[in-house]
Amino acid sequence: MRRRTLLAGALAAAPVAAGAATGCTAGGAASAQGAGGRVTISYGMWDPLQVAGMEKIIKAFEAEHPKISVKIQVTPFTSYWTTLKTAMRGGSAPDVFWMNAVNLRLYASEGVLEPLDPYIERDGFDMGVHPPELLRMYTHGGTRYAMPKDFDTIGLWYNKELFDKAGINYPDESWTWDTVRDAAAELTDPRSGVHGIAAEMSRQYTYYNTIAQAGGYVLRDGRSGFADPRTIDGLRFWTDLIDRGRSPSQSAMTDTRGRQLYLSERVAMNYDLSAMASQMYAEPAIKDHGGVAVLPKGRERATTIHGLAAAISGKSPNTEAAWQFVKFLGSRKAAEIQAREGVTISSYEGTQKTWIESMPEFDLKVFTDMLDYAVPYPASKHTAVWENLQPQLLGGPFTGKGGIEEAARTLARQMDLALEQEK
């Protein structure tokens with residue numbers, strides 16, 4: 001039995017197919033609405049920390065497009081997708097909204113996103129200015145559905161003061177998993193309540209990276225990789241650190257994430273996003289003696305790459321205005337504004353240097369250096385369904401109860417069942 005569509009009802013009224021089929025008709029509704037008047041489009045996003053930067057980008061866009069206004073709608077991430085789904089059904093979704101790799105295939109396959117190819121080809125927009133890994137994330141069935149805005153890789157953040165106190169050299173490119181284990185042991189100090197590292201049960205921040213570094217995989221050819229011995233090695237890297245007392249267990253990080261433990265200087269090392277650099281920079285102690293390095297090597301080098309993109313609602317009555325804004329978001333000018341604000345790494349080729357130099361106390365270049373071996377965030381049509389199995393089945397081993405091999409194999413079986421339902 002096929003899974004009931006998560007966006008049932010939204011597709012029926014979406015005018016996507018007609019726009020896609022005719023190509024040059026894209027934006028016809030907007031042309032009528034905007035003739036002789038000002039068009040206001042809505043822009044949905046979830047991160048309030050990016051609002052200030054986005055407002056500057058919108059100001060620059062509106063200066064070039066005096067007949068188009070953009071109004072930001074911020075919805076917290078915890079309710080963003082539920083709210084968007086409801087809005088899609090009710091026909092009130094934002095004209096343009098943030099999209100991630102986890103949800104792209106679901107929304108694209110349900111036909112509620114405006115295909116971008118007719119606009120890209122009509123305007124001759126060079127999509128090659130964005131990393132190919134991101135372009136693949138936002139392409140479904142050979143059609144592009146969202147414009148990349150930024151990207152994230154994962155780095156090893158560390159506390160120089162705690163390293164100095166323990167007499168350990170700072171992490172660099174020579175570090176391996178063994179170096180991390182040895183350093184975590186020496187940095188752990190029960191008397192002061194400091195752990196060497198935060199082995200948080202986090203897909204993007206921790207174990208998706210070490211799974212790839214071990215030579216394993218999460219998803220390949222529509223099948224789960226969690227039963228693969230190398231995938232299990234990538235998970236065991238973290239559970240061993242917990243079992244040996246080098247990290248707080250997951251139960252201790254339910255309410256306080258590894259990031260908070262790092263910011264409060266209760267862990268010496270933490271794997272975290274490039275996008276969190278500005279949050280690190282805003283913390284005086286971390287700005288003063290925090291550092292970041294490339295991820296240590298396992299059997300091979302790897303870091304997870306993900307990034308946000310801008311999609312156009314298939315129900316938008318202002319598709320031409322929405323495309324003009326999306327095109328601007330994918331331009332060098334918007335990327336340079338975003339980078340200058342230090343928000344995150346812009347995906348437009350050649351604009352990353354501005355972001356790197358925006359926080360000179362950190363060696364942010366490590367995040368772009370890792371692009372050569374970055375591994376795309378795994379996703380299928382119903383990514384959230386099998387991702388929600390992970391905390392249920394991996395939670396015990398990450399809480400120090402052992403059994404990571406059996407948990408991973410059970411996860412593989414249940415994930416494969418979920419993937420079968422996608423077909």
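R181 and D178 sit three residues apart in helix α9 (residues 177-187), so about one helical turn separates them. Helices here are DSSP runs of H or I with at least four residues, strands are runs of E with at least two, and both are numbered from the N terminus. An α-helix has 3.6 residues a turn, so residues three or four places apart point the same way. The side chains of R181 and D178 meet in a salt bridge, at 2.7 Å from N to O. A salt bridge is taken as a side-chain nitrogen of Lys or Arg within 4 Å of a carboxyl oxygen of Asp or Glu. Both partners are partly exposed: R181 has a relative accessible area of 29%, and D178 has 48%. Buried stands for under 20% relative accessible area, exposed for over 50%, and partly exposed for what lies in between (1.4 Å probe, protein chains only).

The model is predicted; local features need pLDDT of at least 70, side-chain atom pairs count only at pLDDT 80 or more, and totals for chains, interfaces and linings use all residues. Residues are numbered from 1 along each chain as its sequence is written, and side-chain values use heavy atoms, with hydrogens and water left out.

By the salt-bridge rule the count comes to 23. Side chains of opposite charge can pair when their charged atoms come close. One of the pairs joins R191 to D189, at 3.5 Å from N to O. Here R191 is exposed, with a relative accessible area of 79%, whereas D189 is buried, at 17%.

Another salt bridge joins the side chains of R259 and D272, at 2.7 Å from N to O. R259 belongs to helix α12 (residues 258-263) and D272 to strand β12 (residues 267-273), so this pair ties together parts that are 13 residues apart in sequence. Both R259 and D272 are buried. Salt bridges also form a network, which links D233, R236, R299, E405 and R409.

Helix α10 (residues 203-213) is mostly covered, with 10 of its 11 residues buried. Among them are Y205, Y207, Y208 and I211. What caps the N-terminal end of α10? The cap is S202, which has a side-chain oxygen 3.4 Å from the backbone nitrogen of Y205. Just after α10, G215 takes a positive phi of about 90°.

How values were computed:
Polar contact = N/O pair within 3.5 Å; in protein donor to acceptor, adjacent residues only side chain to side chain.
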